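Keep the sequence and the 3D view side by side.

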Amino acid sequence: MPTGNCPECDADVHVDTDADKGDIVSCEECGTDLEIVGLDPVELDIVEEDELDDDMDEDEDY
Ligand SMILES: [Zn+2]
């Protein structure tokens with residue numbers, strides 16, 4: 001079973017073998033919802049559910 005790396009807590013996150021890009025998985029360690037953005041290798045991106053306002057400011061905190 002492929003695993004990705006949680007960007008939030010650095011834990012291994014198991015991804016279904018039939019998962020697709022855009023699918024959402026939850027980190028078992030911290031509970032963060034993660035979107036699958038790549039499959040080979042598995043890449044995961046944090047889903048920001050709490051920030052749904054249409055604020056398109058340029059100040060990204062990444
Ligand atoms: Zn995590």
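Four donors count as tetrahedral if all angles lie between 85 and 135 degrees. In this predicted model, the donor atoms around the zinc ion subtend angles of 106 to 112 degrees, so the arrangement is tetrahedral. The donors are the SG atoms of Cys6, Cys9, Cys27 and Cys30, at 2.2 to 2.4 Å from the zinc ion. Their spacing in sequence reads C-x2-C-x17-C-x2-C. Cys9 sits in the loop between β1 (3-5) and β2 (12-14), and Cys27 in the loop between β3 (24-26) and β4 (33-39), so this pair ties together parts that are 18 residues apart in sequence.

Are these two cysteines buried or exposed? Cys9 is partly exposed, because its relative accessibility is 34%. Cys27 has a relative accessible area of 4% and is buried.

Now the sheet. Three strands form an open sheet in the order β3-β4-β5, with antiparallel pairing. β3 and β5 stand at the edges with a single partner strand each, so one side of each has no neighbour in the sheet. Neighbouring strands are turned by 45 degrees against each other on average, direction ignored. β3 and β4 are joined by three bridges. Ile24 stands opposite Glu35 in β4.

In soluble globular proteins, nonpolar side chains tend to be buried together. Beyond its neighbours within four places in sequence, Leu34 is in contact with residues including Cys6, Val13, Val25, Cys27 and Leu44.

Methods
Residues numbered from 1 in each chain as written. Predicted model: local features only at pLDDT ≥ 70, side-chain atom pairs only at ≥ 80, totals over all residues. Heavy atoms only, no water. Donors = N, O, S within 2.8 Å, 3.2 Å for Na, K, Ca; no water. Tetrahedral: all angles 85-135°; square planar, octahedral: opposite > 155°, others 65-115°. Helix = DSSP H or I, 4+ residues; strand = E, 2+ residues; numbered from the N terminus. Buried < 20%, exposed > 50% of the residue type's maximum accessible area, 1.4 Å probe, protein only. Contact = heavy atoms within 4.5 Å. Pairing = 2+ DSSP bridges. Axes fitted to C-alpha atoms, helices over the stretch in contact; angles between N-to-C directions.
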